[in-house]
Amino acid sequence: MFRLPILLLALTAALLTPPSFAQPASTPADEQPALPATIATPSSTSVINAGEALSLSDSIVLGLVEGITEFLPVSSTGHLIIASHALGLESEAPLQDQNGQPLWYKKPSEKNPAGIPLTIKLAADTYTVVIQAGAIAAVVLIYWAQLIGILNGLRGQNAAGLRLLRNIVLGCVPAGILGLSFNDWIDENLFSIQAVIVALISGAVLMFAAERWRHQQPGTTQSRREPADLTAKQALGIGLMQCLALWPGTSRSMVTMVGGYFSGLSPAKAAEFSFLVGLPTLTGAALYKGYKSGPAMIEVFGWPHVLVGTFVAAISAAIAVKFLVSYLTRHGLGVFAIYRLLLAATLGTLLYTGVLS
């Protein structure tokens, strides 16, 4: 039972190993070649080719972290923040294109004349959301039968499919509205290691409470109730709980699974509903981020790295989903709560010792 948190911590420890960068030999100023899309490092006047800011190995690592953690109740956002920090993708220096013109996260406007320049950190934040498309594709393939049932429900041929669609909509609308309203504030204030630690601990406490409650309810573990059997009120309640996941480190899948517990679903069916509710949420986030700063992100990181990250996320997400359903049926959420506490303690120690800042 305890092998899983140990393996996940080993992955995190590998990510947190500080990267080493070879320092280039100094070159006279008049012999310096022109570099496309460059970024000044905060600590010196040297420049880094922004087209090389994300290596192939970085793409694979971020794809693995996204795919493995997106549907596990351990917070994909929190792990991606950690991974980006470990890979050195947190520079706040403005980026420029090949012609020396600034790349924009938000172009200057009447409301914001200064605009928001694109940085490596903002490009990486966009990248980690866009490659969720791979995780989305994995769930679509695995739960194709349920999605076909929804389509038949829209045609009046599957009443259960229509109820499932209603429950999915009610399960994702509250977080969608709140996320759009406070997206910028969340990006500016909650994407930090400290915020992730608080969310990891709080989520673990909630998971322990949910497991204790489930074991006190007769027949909950063996319940044959399907996600389509949820009432509209129960589905909306799960949707309101999903709003908690807007705090990075909380885990969208965790709060929807806990909500499924409280609504009488078995662990496996709670996970299934969590996956299905995640489809419109993740798709909306990926499309929004892609539209907002996708072109600039691609100019910085390049199409090949985006495609590699998406493909790796798809394969690893498919494996993680299959594993999670099987594991939850036998053991429940407890081991993931233990992992969250261990991870929070590890991050707190690294912050205290100055390894992370």
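Is aspartate 125 buried or exposed? Aspartate 125 is buried, with a relative accessible area of 18%. The views below come from a predicted model, where local features need pLDDT of at least 70, side-chain atom pairs count only at pLDDT 80 or more, and totals for chains, interfaces and linings use all residues. Residues are numbered from 1 along each chain as its sequence is written, and side-chain values use heavy atoms, leaving out hydrogens and water.

**View 1. Lysine 121 forms a salt bridge with aspartate 125.** The closest N and O atoms are 3.3 Å apart. A salt bridge puts a side-chain nitrogen of Lys or Arg within 4 Å of a carboxyl oxygen of Asp or Glu. The two residues are separated by about one helical turn because they sit four residues apart in helix H4 (residues 120-130). Helices (H or I, at least four residues) and strands (E, at least two) are DSSP runs, numbered from the N terminus. Lysine 121 is buried at 15%. Buried means under 20% relative accessible area, exposed over 50%, and partly exposed in between (1.4 Å probe, protein chains only). The whole structure holds five salt bridges.

**View 2. Arginine 163 meets aspartate 229 in a salt bridge.** The N to O distance is 3.8 Å. Arginine 163 lies in helix H7 (residues 159-189) and aspartate 229 in the loop between H8 and helix H9 (232-242), so the pair ties together parts 66 residues apart in sequence. Arginine 163 is partly exposed, at 34% relative accessibility. Aspartate 229 is partly exposed too, with a relative accessible area of 34%.

View 3. Arginine 214 is buried, at 3% relative accessibility. Glutamate 211 is buried at 7%.

**View 4. Phenylalanine 323 and tyrosine 327 form a tilted aromatic pair.** The centres are 5.4 Å apart, with 35 degrees between the planes. Rings of Phe, Tyr and Trp (its six-membered ring) pair if their centres lie within 6.5 Å; planes under 30 degrees apart count as stacked, over 60 as edge-to-face and the rest as tilted. Phenylalanine 323 is partly exposed, at 32% relative accessibility, whereas tyrosine 327 is buried at 6%.
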